[in-house]
Amino acid sequence: QLQLVESGGGLVQPGGSLRLSCAASGFTLDYSAIGWFRQAPGKEREGVSCINIYGGRTNYADSVKGRFIISRDNAKNTVYLQMNRLKPEDTAIYYCAAKYSTCQGGEYDYWGQGTQVTVSS
């Protein structure tokens, strides 16, 4: 069974950090792209970051550029999203998704169940 499982969400104070994980099972991440998305209450889902597993090319939304870092561990079949200098507006459910394509094209084939991130004092 093909599956993506996110973890690492939680409650953090403004300025703090969290690291989200996206673990893939049932398939390898080779030659795929993994994206992180988020959706806040009452807002549309937005793309946060993406990484091409082959080659490692990354991209980021302007709202997180310089604060978030996406990375991969091929041996663990896992992608991470390191979130630093968190702001209240980063509060959302974060999802990871995978596709057999690059970040630059194609639709996502698989989605995780999401993990809640809350930034509040």
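# Disulfides, sheet and core of a predicted model

Cys-22 and Cys-96 form a disulfide in which the two sulfur atoms lie 2.1 Å apart. The structure described here is a predicted model, and every value below was computed from it.

## The two disulfides

A disulfide is a covalent bond between the sulfur atoms of two cysteines. A search of the whole structure finds two disulfides. In the pair of Cys-22 and Cys-96, the torsion about the S-S bond is about 70°, so this disulfide is right-handed. The pair links distant parts of the chain: Cys-22 belongs to strand β3, Cys-96 belongs to strand β9 (residues 92–99), and 74 residues separate them. Both Cys-22 and Cys-96 are buried.

The other disulfide is formed by Cys-50 and Cys-103, with sulfur atoms 2.0 Å apart. The torsion about its S-S bond is -90°, and the link of Cys-50 and Cys-103 is left-handed. This pair also links distant parts of the chain, 53 residues apart: Cys-50 is in strand β5 (residues 46–52), while Cys-103 is in the loop between β9 and β10 (110–111). Are these two cysteines buried or exposed? Cys-50 counts as buried because its relative accessibility is 4%. Cys-103 has a relative accessible area of 13% and is therefore buried; the cut-off for a buried residue is under 20%.

When the bonded cysteines of the protein chain are numbered in sequence order, the pairing is 1-3, 2-4.

| Disulfide | Sulfur distance | Torsion about S-S |
|---|---|---|
| Cys-22 and Cys-96 | 2.1 Å | about 70° |
| Cys-50 and Cys-103 | 2.0 Å | -90° |

Strands of a sheet pair through backbone hydrogen bonds, either parallel or antiparallel. In this model, four strands form an open sheet with antiparallel pairing, in the order β1-β3-β8-β7. Its edge strands are β1 (3–7) and β7 (68–73), each of which pairs on one side only. On average, neighbouring strands of this sheet are turned by 15° against each other, direction ignored.

The pairings can be followed across the sheet. Strands β1 and β3 (residues 18–25) run antiparallel and are joined by five bridges; here Val-5 stands opposite Ala-23 in β3. Strand β3 then pairs with β8 over six bridges, again in the antiparallel sense, and Ser-21 has Tyr-80 in β8 as its bridge partner. Six bridges also connect β7 and β8, which pair in the antiparallel sense. In this case Ser-71 stands opposite Tyr-80 in β8.

Strands β7 and β8 form a hairpin with four residues between them, and Asn-77 in the turn has a positive phi of about 55°. How much of β8 is buried? Five of its six residues are buried, so β8 is largely enclosed by the rest of the structure.

Thr-78 lies in strand β8. Its relative accessible area is 7%, and Thr-78 is therefore buried. The side chain of Thr-78 reaches the backbone oxygen of Lys-76 at 2.8 Å. Not counting residues up to four places away in sequence, Thr-78 touches several residues, including Cys-22, Ala-23, Leu-29 and Ser-71.

Gly-26, by contrast, counts as exposed because its relative accessibility is 58%. Gly-26 is found in the loop between β3 and β4. Its contacts, leaving aside neighbours within four places in sequence, are Gln-1 and Leu-2. Between Gly-26 and Thr-78 the C-alpha to C-alpha distance is 12 Å, and the two are 52 residues apart in sequence.

## The nonpolar cores

The largest nonpolar core has 28 residues. Those with the most contacts inside this core are Ile-34, Trp-36, Phe-68, Val-79, Leu-81, Met-83 and Tyr-94. The elements that give two or more residues to this core are β3, β4 (33–39), β5, β7, β8 (78–83), β9 and β11 (115–119). Apart from this core lies another, of six residues, among them Phe-37, Cys-50, Cys-103 and Tyr-108.

Which residues does Tyr-94 contact, leaving aside its neighbours within four places in sequence? Among them are Leu-20, Trp-36, Phe-68, Leu-81 and Met-83, as well as Glu-6 and Arg-38.

Methods: Residues are numbered from 1 along each chain as its sequence is written. This is a predicted model: local features need pLDDT of at least 70, side-chain atom pairs count only at pLDDT 80 or more; totals for chains, interfaces and linings use all residues. Side-chain values use heavy atoms; hydrogens and water are left out. Two strands pair if DSSP finds at least two bridges between them. Axes are lines fitted to C-alpha atoms, for helices over the stretch in contact, and angles run from 0 to 180 degrees between N-to-C directions. A disulfide is a pair of cysteine sulfur atoms within 2.5 Å. Buried means under 20% relative accessible area, exposed over 50%, partly exposed in between (1.4 Å probe, protein chains only). A nonpolar core is a set of buried Ala, Val, Leu, Ile, Met, Phe, Trp, Tyr and Cys residues joined through side-chain atoms within 4.5 Å. Contact means heavy atoms within 4.5 Å. A polar contact is a pair of N or O atoms within 3.5 Å; within protein, one must be able to donate a hydrogen and the other to accept it, and residues adjacent in sequence count only if both atoms are side-chain atoms.
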